[in-house]
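Here are a few notes on the model, point by point. Have the structure open as you read.

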Amino acid sequence: MLILDEPQNMESDLSVSALASLNPFCALRYSATHRNSYNVVYRLTPFDAYRKGLVKRIEIASVVQEDNENLPFLRVEALNSTKRTVSAKLSVHKLMKTGKIQEKIITVRSGDSLVEKTGRTEYDGFVVEEINPGSGFIRFLNNQELALGGEQGTDREALFEAQIAFTIEEHFRRQRRLKGHGIKVLSLFFIDKVDNYAPDDGKLKLMFVKSFDEIKQRYDEWKDVSAADVQKAYFATKTKKSGEVEILDSTGKSKQDDEAFNLIMREKERLLSFDEPVSFIFSHSALREGWDNPNVFQICTMREVGTDTERRQQVGRGVRLPVNQDGDRIQDEQINVLTVIASETYERFVAALQGEIEREYGSDGVPPPPPNQRKRKTIKLRKQFMLRPEFEDLWAKIKHKTRYSVEIDTAKLVDDTVAELDQSTIRKPRITISKASMRIDEAEDFFEPIALSGAKTAVDLAGRYPLPNLIEVMESLMENTSPPMRLSRRTLLEVLKQTSKRREATENPHEFAITAVNILKAKLADQMVDGIKYEKDGAWYEQTLFADEIQTWEEYLVPSKEIGGVGGTHLYDGVKWDSPTIEKPFIESLERMANVKLYIKLPDWFTIDTPIGRYNPDWAIVMDDPETDEDLLYLVRETKGTLDLNDLRPDERRKIVCGRKHFGNALSTSYRVVTCAAELPDGGI
């Protein structure tokens, strides 16, 4: 009988032949990462092990950079190659139309400019020169080159400082708690480059010593311990012909790595003893199968995760249940917790770990529901409606296009902007740490992060970056966010001169610029809308723009039924609704109202120009005038969930103000906001 541990390492032709020559009647293969599954007899998934308490619980200490858009951020998520194209997926900080900066994943190909892809001049020079999936890198015309998983634009050294300090502090606290249980605590660091630690002046080694010497002063049991005595590194080595020994960046796949792994295996039991001072272990690779230590309670990841399985391998180095000085396993969920100190949000860490596990094992959770087989439906134009006098009169009133004029009081604009800007909170750029535990659903194989603590500032980054030309940054933001607006440099400079937030402007210039521009655009939009004047420009919308047919889904449709052999009251034989709580009941009511002669859900092409974008009103209605027996009312109505305009988004409110002035002043047509059909004809606002 063959019992094979880690059988994926025995899949070569020679290995298969050698094993077959033993002529076994049975072979049992044990592995967490099988290359070939053969006949699966039993499977213990990571979810099962976690749920049954067979491994440590996991919590994530998220060390991330916040409110710092002063450097162009870039992370290589994927490098892809097909028969025809080569592309890369990059995480970038993209300027959104709202003026906010958000992390987004974009796809780029050779020749693509990140300035154009992100809308930010901070990416000047980042034009894709080469994407090489085979060698695993992307290079830009500014000679910047990043490997798969590589990242730039964050203050890496500040992140490293915060991660190392937090790991040491967590180690000290945990060792103090577990000393009485006879458990020695170990911390494991996965570093980005060997050269950053191996030399005597390696920056990570110096950071560790500095943090260790500072933090140990708060813990009496560590005060007399030397930083040099508690740390040890395991890296592969290579002896050159000259006899010089070279330290390598280990990957866990070479013979040189095996030497390092063997060294670790020989000293593993010794590490568990309180007599051995070494408690902090540094390595470059994720240490492939064959190395772990049950008493690793902190794993600090200071290198990018480059493969689908590396994150699981990193976490796997510390999930075994710990042992005490007698070698006995500890079965205590209060003790058995592994803390991963990661330079990413805990939501992203858990989501990526979940994805890696599912790619390996599949998901045993509830299968996704089948796709909703919604029926397609075609609604048709009732062309005879266009011959009705009610339609002709309605269209004659509302079809006209207009142009607008506005007046700007620059002094008031600056005063109003400065007043609000001075009351705004502009945070310093900083490194924060927050902690979350990983919880697994009892019914489904799904990890979810549960926050344990709010974000605490670990490193203040204010003043670390060169001060840009703030006027140019503000000018770019004014023109590249929605809607694009332009102000003179003199006006922008006046805001900068008058604000009391000049210190914040130097500490976090980009956050200041975003805040100032958002306020400026809001105040400018309010001024333009409040004083806007519309007049007809001599053009109009032609009836021929109405489509003969419109495709939609049946479940999003209210039929406009014929009553007594007479066609319904809508221009089409059905009406597509956009809101089940507002538009759908409004349509159903109009269909039942005998005093409604005709109504139109105004199509997307029927728009009004406004200073904050084009506005498409909802409804045009012809109905009996309740005050007379013969007159008809011609109405334009907007449906909202509230009659309080302050409850609406600012741009919604501004467009309604423009709608009133366009229809009411320029076209002499009744325009109101209503919440339901019962408010017709004179209700609403």
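1. A quick definition before anything else: a residue counts as buried under 20% relative accessible area, exposed over 50%, and partly exposed in between. Glu-221, at 42%, is therefore partly exposed. Bear in mind that this is a predicted model.

2. Glu-221 pairs up with Arg-176 in a salt bridge, N to O 3.0 Å. The two come from distant parts of the chain, 45 residues apart: Arg-176 is in helix 4, while Glu-221 is in the loop between helix 5 and helix 6. Arg-176 is partly exposed too, with a relative accessible area of 45%.

3. Asp-578 has two partners worth a look. One is Lys-576, at 3.1 Å; the other is Lys-601, with the closest N and O atoms 3.2 Å apart. Lys-601 belongs to strand 27, and Asp-578 is in the loop between strand 26 and helix 16, 23 residues apart. Asp-578 is partly exposed at 48%, and so is Lys-576 at 32%.

4. The salt-bridge count comes to 43.

5. Now the inside. The largest nonpolar core has 36 residues, and those touching the most other members include Phe-391, Ile-600 and Phe-663. Among the elements giving two or more residues are helix 10, strand 27 and helix 17, with helix 17 supplying the largest share, five residues.

6. Which residues does Ile-600 contact, beyond its neighbours within four places in sequence? They include Phe-391, Leu-394, Phe-546, His-570 and Trp-619. Another core, of 32 residues, lies apart from the largest one and includes Phe-208 and Trp-222.

Key:
Residues numbered from 1 in each chain as written. Predicted model: local features only at pLDDT ≥ 70, side-chain atom pairs only at ≥ 80, totals over all residues. Heavy atoms only, no water. Core = buried A, V, L, I, M, F, W, Y, C linked by side-chain atoms within 4.5 Å. Buried < 20%, exposed > 50% of the residue type's maximum accessible area, 1.4 Å probe, protein only. Helix = DSSP H or I, 4+ residues; strand = E, 2+ residues; numbered from the N terminus. Contact = heavy atoms within 4.5 Å. Salt bridge = Lys/Arg side-chain N within 4 Å of Asp/Glu carboxyl O.
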